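Hello,

Here is the structure I promised to pass on. Please look it over first; my notes follow below.

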Amino acid sequence: MSIESLLAFSLALGIAALIPGPGILGLLGWTLGRGGRAAFGYSIGLILGDLIYLCLAVGGLAALAETMGEAFLVVKLAGAAYLIWMGVKIWRSSSLASEAEAQKGSLFAAGAAGLTTTLSNPKTIVFYMGVMPMVLDLHGLTLGMVAELMVAATLVLTLVLIPYALAANKARTVIRSPKAMARLNKGAGAVLIGAGGAVAAS
């Protein structure tokens with residue numbers, strides 16, 4: 001693949017990813033509520049979801065994903081409900097999870113939440129079905145080119161997500177008083193509830 005095409009794809013994806021949406025809100029909520037391990041898991045889930053849609057687009061199945069109708073609606077509402085449930089759970093906690101609690105099972109749970117958020121996010125479908133075909137000739141892609149796109153997507157998304165995760169984790173680690181931690185917990189819960197609402201409403 002030409003460097004121009006790869007850069008065009010990376011730039012388009014970077015711009016789309018920088019626009020805050022349910023994915024970023026979810027990342028902030030998980031990081032504030034459960035720390036760096038959850039941030040890593042959630043980010044992996046988000047990126048994996050993008051790679052799935054990338055492969056669907058290359059395979060000509062993005063339109064199918066958009067027209068799944070009721071099946072897509074179920075996935076979307078399930079993802080929204082999961083984010084809201086986690087938000088309520090964190091909101092009602094008396095304090096932020098301890099490091100031991102934060103690490104216990106949070107990697108898989110956060111990863112599943114990130115994946116669900118991406119798969120239920122119409123913005124992701126619009127990018128891979130509408131924007132990506134305008135940037136690249138999907139019919140002429142080889143397996144090697146697809147691999148290059150997957151690496152580029154992973155790098156771009158990682159670069160976009162890292163600053164958000166680091167900022168949220170920094171806020172979590174510097175706040176130690178019980179009252180401040182309780183307020184931060186409520187903030188993290190509210191962010192997750194908001195992300196769930198955004199997914200459901202989109």
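**Notes on the model**

N121 counts as buried, at 8% relative accessibility. Buried means under 20% relative accessible area, exposed means over 50%, and partly exposed lies in between (1.4 Å probe, protein chains only). N121 sits in the loop between α7 (106-119) and α8 (122-135).

Some ground rules. This is a predicted model, in which local features need pLDDT of at least 70 and side-chain atom pairs count only at pLDDT 80 or more, while totals for chains, interfaces and linings use all residues. Residues are numbered from 1 along each chain as its sequence is written, and side-chain values use heavy atoms, with hydrogens and water left out.

**Overall make-up**

The chain has ten helices and zero strands. Helices (H or I, at least four residues) and strands (E, at least two) are DSSP runs, numbered from the N terminus. Along the sequence the pattern reads α-α-α-α-α-α-α-α-α-α. Of the 202 residues in the chain, 43% are buried.

**α2 against α9**

How do α2 and α9 pack? Their angle is about 30°, and their axes are 8 Å apart. Because of that angle, α2 is roughly parallel to α9. (Angles under 35 degrees count as roughly parallel, over 145 as roughly antiparallel, 65 to 115 as roughly perpendicular, and the rest as oblique.) Axes are lines fitted to C-alpha atoms, for helices over the stretch in contact; angles run from 0 to 180 degrees between N-to-C directions. The crossing of α2 past α9 is right-handed.

Helix α9 covers residues 143-174. L157 lies in α9. L157 is buried, with 8% relative accessible area. L157 and L13 are 144 residues apart in sequence, yet 8.0 Å apart in space, C-alpha to C-alpha.

I24 belongs to helix α2. I24 is buried too, at 7% relative accessibility.

**Surface**

L11, I15 and I19 form a nonpolar surface patch, with about 300 Å² of accessible area together. Patch residues have over 30% relative accessible area and no salt bridge; like charges are joined within 9 Å, nonpolar side chains (Val, Leu, Ile, Met, Phe, Trp, Tyr) within 5 Å. A salt bridge is a side-chain nitrogen of Lys or Arg within 4 Å of a carboxyl oxygen of Asp or Glu. Areas come from the Shrake-Rupley method with a 1.4 Å probe; for residues, only the protein chains shown count as cover.

I19 is in the loop between α1 (3-18) and α2 (22-34). I19 is partly exposed, at 46% relative accessibility.

Best wishes

Definitions and conventions: Left-handed = near helix turned anticlockwise from the far one by under 90°.
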